[in-house]
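Please look at the sequence and the structure below before you read on. The exercises that come after them are meant to be worked with both in view.

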Amino acid sequence: YGIRYEYGIFNQKIRDGWQVEEADDWLRHGNPWEKARPEYMLPVHFYGRVEHTATGAKWVDTQVVLALPYDTPVPGYMNNTVNTMRLWSARAPNDFNLRDFNIGDYIQAVLDRNLAENISRVLYPNDNFFEGKELRLKQEYFIVAATLQDIIRRFKASKFGSMDSVRTTFDSFPDQVAIQLNDTHPAMAIPELMRIFVDIEKLPWNKAWDITKQTFAYTNHTVLPEALERWPVDLVEKLLPRHLQIIYEINQRHLDHIASLFPNDVDRLRRMSLIEEGGIKRINMAHLCIVGSHAVNGVAKIHSEIVKTQVFKDFAALEPEKFQNKTNGITPRRWLLLCNPGLAELIAEKIGEDYVRDLSQLTKLHEFVDDDLFIQEVAKVKQENKVKFALYLEKEYKVKMNPSSMFDVHVKRIHEYKRQLMNCLHVITMYNRIRKDPAKLFVPRTVIIGGKAAPGYHMAKMIIRLINAVAQVVNNDPVVGSKLKVIFLENYRVSLAEKVIPATDLSEQISTAGTEASGTGNMKFMLNGALTIGTMDGANVEMAEEAGEENLFIFGMRVEDVTELDRKGYNAQEYYDRLPELKQAIDQIKSGFFSPAEPDLFKDVVNMLFHHDRFKVFADYEAYVKCQEKVSKLYLNAKAWTKMVIRNIAAAGKFSSDRTIKEYARDIWHVEPSDLKIPPPNEPRDVAEDKTPNGTAA
């Protein structure tokens, strides 16, 4: 389930080196894959007040918005199974604004329907940042309320929801329904399901709570504090008054339980409360998710450890068995077969075609790591992909690139923690080295950096501006020639990733240790024959574990080093004073060498790097530059490079989403996978067998 946004993530244009946003009107030409299902339209309520009656709480005088579902088929790979993705679109009811006050102003009432329908108008473009806007909370409750009604309708229609006399029995609900909360964005589902069970279905609180906890599981996606959702109590009270009461009740029972285990530990109660006091009262949505779920997971081993031992350590101490890891994965159908048919075919010739369904079979490629012909063919496929991408870039963006240079690629959302700035400093350092000694052997590089900055994120936009300023100088210096080129890849998105990833030699995964929950681009590059330069962060740790650390270019501080540096205090100045090449690069940025028309254009960036760089770019700069020298050295030996590539591809099997989903199914949802292949529709089936798995007619 999701929301059918009319406008998705913005299209990015670069004008005079700056990011400019344009609306993504992706439905303009229609969408042939979706089918509107007005027969399943459902009401969603907002605002109003709560009446307490003899029969229980009633939420009254609400405003209604309708949720119109659109179904998109999601076919499995060659198995005749098709699942459904149901996306909700907001519609105003036909009597919207015509019921009450504005008798006579019919035209304005119809125009005001837009207000209700704005709920599904646009996706919030923030990455790892919480912005407590009312429209966003409306979106979150909209998907939750529509989806839960739909799930309960489907449950009641099945034999499991069969009526016990008058009332449905919900005892089997958690056996038939699993709801995975993808981050805290749908956290209101917890009080909403409680509202349905207690207020509408008249279940006793304890029974309702037991069923609710068994139904929900929560996946955490980030540890950055600014990303955690903390909704102001006043806003929730206005928009969803009954839900606030239910959250208070959940919290009261939760805190009573903690107090019984830890008498007189008021600080623990404060830390573990769902409600944060001090200043404006807020609801900590992650705490709500943990308390209301039977399983909590991170998305890579190191991330799940941080979740357990740092971010939610009080909760993990209480219920250690609740916390799990589920390392992210990528689908080999899109991220190998579809985007890199040359490599996929080459692999199939060596180990057969079964690996597409069972990616762990890639380990069979280890047998061919010394096969000279295979080594040559892998290198040839990469070269063809590079030529193809160079041609695409030349055609679309009129930029010339040298396909024999190393394609050094850093594509992901622009964020300080991902440290595109550190890459930029390395580019400046390479530029200065070429200028200092133009005759010296230099391994040619095309550095490709791409990604969108959230529209309100000033520093991220300045980073884009800086990369473009550096590119302008480097690409037009005759001393440099074709040795070094810098390209900012405009409007990075999935369809562009499918083109650039197969053409990449070096994958940049250089976040500060402990900040990238998992990453999945790292896995896509590994599967497509790129080598990784990266920190011990996110899934990089497990990639190194699978391939052997000697087959990745690992550098920089580990989580423990970052913790230790925080303890003693990070002083950027001392690195600047000690490292002449770093000093030179920073001085050039500061003096306006890259922005002669506006010498102090990048003063905010430089000021941040010295005085409030939470992600410690200078601390890893030296190790990063040294590691990049190792990369260049290996690239000179094409055979050794390609052998390392093969070892990486052979170790990528763990990072299939098939493995990830099997683990969720086994450890969290408690459903068994079935290899049963449904016969295709053109094959006649025995009428007696024409049943869905639970025995009801299909």
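The model is a predicted one.

**Exercise 1. The chain as a whole**

Describe the chain by its secondary structure, and decide how its radius of gyration stands against the globule rule.

Solution. Begin with the count of elements: the chain holds 27 helices and 24 strands. Finally, the C-alpha trace can be given its extents along the principal axes, which are about 90 × 65 × 60 Å.

**Exercise 2. Interior, surface and charge**

State what share of the chain is buried, what share of the contacts joins residues at least 24 apart, and how the charged side chains are placed.

Solution. As a first step, note that 54% of the 698 residues are buried. Then turn to the contacts between residues at least 6 apart in sequence, of which 72% join residues at least 24 apart. The accessible surface amounts to about 31,900 Å², and carbon and sulfur atoms account for 54% of that surface. As for charge, the chain carries 90 positive and 95 negative side chains, and the centres of these two sets are 2 Å apart.

**Exercise 3. The partners of strand β8**

Find which strands pair with β8, in which sense they run, and how many bridges join each pair.

Solution. Start from strand β4 (residues 35–36), which is joined to strand β8 (residues 63–75) by two bridges and runs antiparallel to it; here K35 stands opposite D71. Move on to strand β5 (residues 42–46), which also runs antiparallel to β8 and is joined to it by five bridges, with V44 standing opposite V65. The next partner is strand β9 (residues 82–91), which pairs with β8 over ten bridges, again in the antiparallel sense. In this pairing R86 of β9 is the bridge partner of D71, the residue that K35 also stands opposite. In general, strands of a sheet pair through backbone hydrogen bonds, either parallel or antiparallel. To finish, look at the hairpin of β8 and β9, where six residues lie between the strands and M78 takes a positive phi near 55 degrees.

**Exercise 4. Helices α16 and α24**

Determine whether I434 is buried or exposed, list what it touches, and then work out which elements the buried residues of α24 pack against.

Solution. First place I434, which lies in helix α16 (residues 420–436). Its relative accessibility is 2%, and because buried means under 20%, I434 counts as buried. Beyond residues up to four places away in sequence, I434 touches F442, V479, V480, K483 and L484. I434 and E51, by contrast, are 75 Å apart, C-alpha to C-alpha, with 383 residues of sequence separation. Now take helix α24 (residues 603–611), in which V605, V606, M608, L609 and F610 are buried. The buried residues of α24 pack against α16, the helix of I434, and also against α17 (458–475), α22 (572–578), α23 (580–591) and α25 (617–636).

**Exercise 5. Buried residues in loops**

For D183, R419 and S595, state the loop in which each lies and its relative accessibility.

Solution. D183 belongs to the loop between β12 (179–182) and α5 (189–200), has a phi near 70 degrees, a positive value in a residue other than glycine, and counts as buried at 13% relative accessibility. R419 is found in the loop between β19 (406–411) and α16; its phi is near 60 degrees, which is positive, and its relative accessible area of 1% makes it buried. S595 sits in the loop between α23 and α24 and is buried at 6% relative accessibility. Setting aside neighbours within four places in sequence, S595 is in contact with L601 and F602.

Key
Residues are numbered from 1 along each chain as its sequence is written. This is a predicted model: local features need pLDDT of at least 70, side-chain atom pairs count only at pLDDT 80 or more; totals for chains, interfaces and linings use all residues. Side-chain values use heavy atoms; hydrogens and water are left out. Helices (H or I, at least four residues) and strands (E, at least two) are DSSP runs, numbered from the N terminus. The radius of gyration is taken over C-alpha atoms; the globule rule is 2.2 Å times the number of residues to the power 0.38. Buried means under 20% relative accessible area, exposed over 50%, partly exposed in between (1.4 Å probe, protein chains only). Contact means heavy atoms within 4.5 Å. Accessible areas come from the Shrake-Rupley method with a 1.4 Å probe; for residues, only the protein chains shown count as cover. Lys and Arg count as positive and Asp and Glu as negative; His and the chain ends are not counted. The place of a charge is taken as NZ of Lys, CZ of Arg, CG of Asp or CD of Glu. Two strands pair if DSSP finds at least two bridges between them.
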